[in-house]
Amino acid sequence: MISTALVAIGHDFGIGAADTAWLISVLYLASAVGQPVLGKLADSFGPRRVFLAGLVIVFASGLVGAVAPAFGWLVVSRLLLGIGTSAAYPAAMSVLRDEARRVGRPAPRTVLARVSFAALGSAAVGPTLGGLLVALVGWRGIFAVNLPVALIAFVAGLVWIPKDPARESAVTSGSLRHTLDPLGIALFSAALTVLVFFLLDLAQPMWWLLAPFGVLTAVLVGWQLRRPRPFIDLRMLAGNGPLARTYLRHGVSYLLIYCVMYGFTQWLEEARGFSSGETGVLLLPMSVAALVCSLLGARTKGIYGPLALACVLLTGGSVLLFFVGGDTPLVVLLLAGACFGIPQGLIGTSNQAAVQAHAPPESIGSAAGLQRTAQYIGAIAASSLIALAYGPQAGDSGLRLMAGVSAVLGMLLIVLTLTDRALRARS
């Protein structure tokens, strides 16, 4: 929802697109770390407990954002939101894993599709709802809406999510420290934070940051290889090529999708002069296309076909955006949004099915968390590209730069997908 509020927030606090990009990056930075951490907690202590605890943090984030007196408070709110929402997806996958064990058969593709549809539905309709909220009550409504949403979800979770089955917990098998690998989490968080600081100022890059990033990464790799239960199981990823390629494909795909979700919306408001509400309506075709295609993708038996189509559309949409300008007809703008909405639906369900197929069953929660980590690293890269392309204000030249880079990445994504034999084996 915040994609249509960035311009209004920037105007209120007197800052530009390069600064408001932090509202994107800090959430995904927190989520990139929080998803696998909470996935491990869901595997160890039970998904219901972890999901409900996450909703308490979401509620707190809404309070902080709704009354924020300064921009820094909004950054804190988004940080809390990233941590709280990180519980949802890995907890859902853990619930499905537990239910599959109970009934003695794998979760059907249609059930996985409903999880994907829920995630895609909230993300897809977000820009449209966000635009309406900003138009009706102002940008603070984007944060305040988390209060009733968190309360409703908490009550629904208490009523409908099955109680956590008995499992060997970290308390009985050792210690929480042994289960979570806090040093690994700290090293990963530090390395990713340093990388984000570097990426968010590519116009005047602080090259010296690459040195601590390299050192932290090297120490992280060495520590993870020595740990019996590491935060990121590098040995498992090195020996599981299909899963590693799924993470790479997912991250690059969402880099392109988030460039449109955040970059294109800012251009529509600042360069074309549309209001937040009008921008939300303009993105409605993208939202509808994502929702419909998430259901269609779930009905297909294979993974290769939907992913190949999605990659082609992402590349085509990027090329189309390269030629968009101040006098581009409205119908072309709608078509450009739809070109990114269709892949959003297909990629979500297909890569989720790939993770379910290739990840070790006993660690599906943390594996699902790492899938979202890849997605959020793509989002961080997208916010960095937007900040570089736009600077203080979105314009036609910045949109072309962003679209050109996206088109090149789209072609690489096509090659990565078409040459993956594991995808054909699942078709």
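A residue counts as buried when its relative accessible area is under 20%. In this predicted model, helix H11 has quite a list of residues that pass that test: Gly184, Ile185, Leu187, Phe188, Ala191, Leu192, Val194, Val196, Phe198 and Leu199.

Next come the helix pairs. Two packed helices are described by the angle between their axes and the distance between the axes. For helix H2 (residues 17-45) and helix H4 (residues 71-85), the axes come within 7 Å and cross at roughly 25°. Angles under 35 degrees count as roughly parallel, so H2 and H4 fall into that group. Their crossing is right-handed. On the H2 side, the residues that take part are Asp19, Thr20, Leu23, Ile24, Val26, Leu27, Ala30, Ser31, Gln35 and Leu38, and they meet Phe71, Leu74, Val75, Arg78, Leu79, Leu81, Gly82, Ile83 and Thr85 of H4. Sorted by class, this contact holds 12 nonpolar, 5 polar and 2 charged residues.

H2 also packs against helix H3 (residues 47-66), this time at an angle of about 140° and with the axes 7 Å apart. That angle makes H2 oblique to H3. Here Leu38, Leu41, Ala42 and Phe45 of H2 meet Pro47, Arg49 and Val50 of H3. The contact of H2 with H3 is made up of 6 nonpolar residues and 1 charged one, with no polar residues. Leu38 turns up in both stories, as it meets residues of H4 and residues of H3.

Another pair is formed by helix H17 (residues 304-322) and helix H18 (residues 330-358), which pack at about 155° with their axes 8 Å apart. Angles over 145 degrees count as roughly antiparallel, and H17 and H18 are therefore described that way. H17 passes H18 in a left-handed crossing. From H17, the contact draws on Pro306, Leu307, Leu309, Ala310, Leu313, Leu314, Gly317, Ser318, Leu320 and Leu321; among their partners in H18 are Val332, Leu335, Cys339, Phe340, Pro343 and Asn351. The tally for this contact is 17 nonpolar and 4 polar residues, with no charged ones.

Alanine 153 belongs to helix H8 (residues 146-160). Its relative accessibility is 23%, so it counts as partly exposed. Setting aside residues up to four places away in sequence, alanine 153 touches Phe51 and Leu55. Valine 355, by contrast, is 202 residues from alanine 153 in sequence and 26 Å from it in space, C-alpha to C-alpha.

Valine 252 is part of helix H14 (residues 241-270). Apart from its neighbours within four places in sequence, valine 252 is in contact with Leu409 and Leu413. From valine 252 to glycine 138 there are 114 residues in sequence and 33 Å in space, C-alpha to C-alpha.

Glutamate 278 is found in helix H15 (residues 276-282). With 42% relative accessibility, glutamate 278 counts as partly exposed. Glutamate 278 and alanine 135 are 143 residues apart along the chain, while their C-alpha atoms are 8.9 Å apart in space.

Technical notes
Residues are numbered from 1 along each chain as its sequence is written. This is a predicted model: local features need pLDDT of at least 70, side-chain atom pairs count only at pLDDT 80 or more; totals for chains, interfaces and linings use all residues. Side-chain values use heavy atoms; hydrogens and water are left out. Buried means under 20% relative accessible area, exposed over 50%, partly exposed in between (1.4 Å probe, protein chains only). Helices (H or I, at least four residues) and strands (E, at least two) are DSSP runs, numbered from the N terminus. Contact means heavy atoms within 4.5 Å. Axes are lines fitted to C-alpha atoms, for helices over the stretch in contact, and angles run from 0 to 180 degrees between N-to-C directions. Angles under 35 degrees count as roughly parallel, over 145 as roughly antiparallel, 65 to 115 as roughly perpendicular and the rest as oblique. A crossing is left-handed if the near helix is turned anticlockwise from the far one by less than a right angle, and right-handed if clockwise. Ala, Val, Leu, Ile, Met, Phe, Trp, Tyr, Cys and Pro count as nonpolar, Asp, Glu, Lys and Arg as charged, and the others, Gly among them, as polar.
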